[in-house]
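Visitor: I am new to this one. May I ask how you know what you say about it?
Guide: Please do. Take a look before we start.

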Amino acid sequence: MYFLGIDLGSSSIKLAVLDGHSGKALANTTVPEKEMQMHAPKAGWAEQDPELWWNYICDGIKKLRSDGVAIARIQAIGISYQMHGLVLTDKNLKVLRPSIIWCDSRAAPIGSQIYTEKGASFFQERVLQSPGNFTASKLKWVQKNEPELFKKVAYMMLPGDYIAAKFSGVAQTSKSGLSEAALWNFKKQSLATEVLEAMELPKDVIPEIVANFGIQAQIDSTLAEELGLSKEVKITYRAGDQPNNALSLNVTQPGEIATTAGTSAVIYSVTDQDASDTENRVNTFLHVNHTEKQKRNGVLLCINGSGILYQWLRKILSTEQNQLISYDQLNKLASQVTPGSDGLLFYPFGNGVERIFNNKKSSSGIENLNFNRHETAHVVRAACEGIVFAMNYGFEVMQTIGAGGSRVKATHANLFLSPVFRDIFVNTTQTSLELYNTNGAEGAARGAAFGFGHYSSLNEANQSLELMGTQEPDPRLTQAYKAYYQNWKDNIQIRD
């Protein structure tokens with residue numbers, strides 16, 4: 001039995017085919033060839049076209065087939081997706097406008113206003129956080145600013161819900177998806193209808209609600225024939241990319257922690273409590289294995305400017321667009337500079353408002369630049385340090401609400417490919433880091449296999465995970481980075 005995993009990111013889309021018997025990935029592919037772009041019609045906005053996502057996914061499936069993968073043997077599909085995005089369609093699943101994606105800041109004032117008007121306790125007692133910049137606030141923004149378009153809306157979906165709907169022709173969303181939209185009542189374990197009412201949003205735009213795992217829908221037979229898939233393929237798993245990243249690392253139990261540093265940087269800790277930060281600097285969502293009888297929540301710290309900062313550095317340090325400096329070259333540049341970057345400070349807050357500052361604006365860019373001392377390598381290393389320092393800023397918040405820990409798991413991917421970045425991470429956070437050879441698409445494929453019933457437990461689904469190595473903090477460096485981090489932290493500028 002084969003299982004297809006799809007990981008819909010904001011820079012690229014990864015697909016993986018898992019052999020259910022060996023537990024190993026048969027094939028991985030990434031589309032498109034160049035990184036997907038975010039469109040910013042106005043400052044602070046970020047949009048992407050959902051139809052392009054779908055076209056790229058179809059291209060990826062066709063590529064797998066042309067590479068010799070027997071995709072007709074695929075039994076089920078699992079979908080991981082960029083969190084907090086808003087996709088609006090009519091009743092025929094036609095997209096009505098570009099998706100307002102996770103790092104778009106336009107709706108943050110709306111979320112803050114309703115949070116103030118209704119009172120913090122109203123939201124904290126129900127959804128454990130402010131609607132902030134989450135999907136509910138984005139839906140309200142469209143209702144308020146595009147009323148004629150809003151009249152045509154039949155379904156509000158998250159990005160992965162839209163992809164699942166394209167496969168099946170059925171509009172659905174998940175319980176964990178609603179929690180990341182600030183529309184799940186943790187106390188009642190149901191749709192937060194009170195929040196919809198408070199925000200004057202219609203309930204009928206919420207599609208059918210399904211569990212993260214299980215037979216959710218079946219592929220459209222005509223589409224299956226077009227793609228070369230079996231007409232019996234089922235959609236059996238969906239989750240936001242960060243809960244899915246945790247799943248792919250077998251982070252499912254209280255006290256376990258996952259991290260990633262792709263376009264954004266995340267630390268994600270599993271808890272069996274309704275832990276929340278009253279200042280909304282970190283956020284709590286349903287984890288993929290949550291049930292009414294077994295509470296499992298994920299406390300998530302997100303820094304918007306991570307891999308996107310590295311991508312920006314790559315562009316500005318390249319002479320021509322078609323001769324981009326490689327990420328490996330950036331990593332080598334960073335290794336040429338000693339810890340602390342000779343006093344250079346980098347603030348990675350240039351990709352929308354940051355949750356760790358409660359969606360307020362903060363300083364971004366470079367500080368203490370000395371034209372006679374600092375070179376390109378200093379800028380690159382300072383960027384790596386700034387990303388990790390920002391992560392640690394939020395990690396300290398997580399620890400105050402009981403969601404910290406001393407051992408963290410990560411996939412050997414993105415910025416964690418860099419030995420310098422890993423070194424900065426373990427010595428700043430003072431944690432042990434376990435690196436695994438997996439990715440989000442493989443995690444989604446394992447989720448699909450478990451949801452299909454091929455595996456009896458998530459532990460069984462993840463039993464073939466390959467540990468590549470463990471890195472421990474160096475006591476001498478932890479002391480040095482403690483001082484570097486405190487200096488960086490003391491110089492942050494936050495404003496309303």
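Visitor: Where is asparagine 250 found?
Guide: Asparagine 250 sits in the loop between α10 (241-248) and β15 (257-261). Keep in mind that this is a predicted model.

Visitor: Why is asparagine 250 called buried?
Guide: Buried means under 20% relative accessible area. Asparagine 250 has 15%, so the word applies.

Visitor: What is the phi of asparagine 250?
Guide: Phi is near 60 degrees there, a positive value in a residue other than glycine.

Visitor: What about leucine 128: how do you know whether it is buried or exposed?
Guide: Set the value against the cut-offs: buried is under 20%, exposed is over 50%. Leucine 128 has a relative accessible area of 6%, so it is buried. Its phi is positive too, near 65 degrees. Leucine 128 lies in the loop between α3 (120-124) and α4 (135-145).

Visitor: Which peptide bond is cis?
Guide: The one from valine 31 to proline 32, with omega near -10 degrees. Proline 32 belongs to the loop between β3 (24-31) and β4 (47-48).

Visitor: What does UniProt list for residues 2-244?
Guide: An unreviewed UniProt entry gives them as "domain: Carbohydrate kinase FGGY N-terminal". In the model, that span is 33% helix and 26% strand. Its end C-alpha atoms lie 19 Å apart.

Visitor: Which residues of α17 are buried?
Guide: Thr478, Tyr481, Tyr485 and Trp488. They cover an arc of only 85 degrees around the axis, so they lie on the same side of α17.

Visitor: What do the buried residues of α17 pack against?
Guide: Their partners are β19 (345-347), α13 (376-400) and α14 (419-429). Contact here means heavy atoms within 4.5 Å.

Visitor: Which residues are exposed on the other side of α17?
Guide: Arg476, Gln479, Lys482 and Asp490. To be called exposed, a residue needs over 50% relative accessible area.

Visitor: What caps the N-terminal end of α17?
Guide: Aspartate 474 does. One of its side-chain oxygens lies 2.9 Å from the backbone nitrogen of arginine 476. The cut-off for a polar contact is within 3.5 Å.

Key: Residues numbered from 1 in each chain as written. Predicted model: local features only at pLDDT ≥ 70, side-chain atom pairs only at ≥ 80, totals over all residues. Heavy atoms only, no water. Helix = DSSP H or I, 4+ residues; strand = E, 2+ residues; numbered from the N terminus. Buried < 20%, exposed > 50% of the residue type's maximum accessible area, 1.4 Å probe, protein only. UniProt positions renumbered as here; feature names shortened; annotations may be inferred. Arc of directions from axis to C-beta. Polar contact = N/O pair within 3.5 Å; in protein donor to acceptor, adjacent residues only side chain to side chain.
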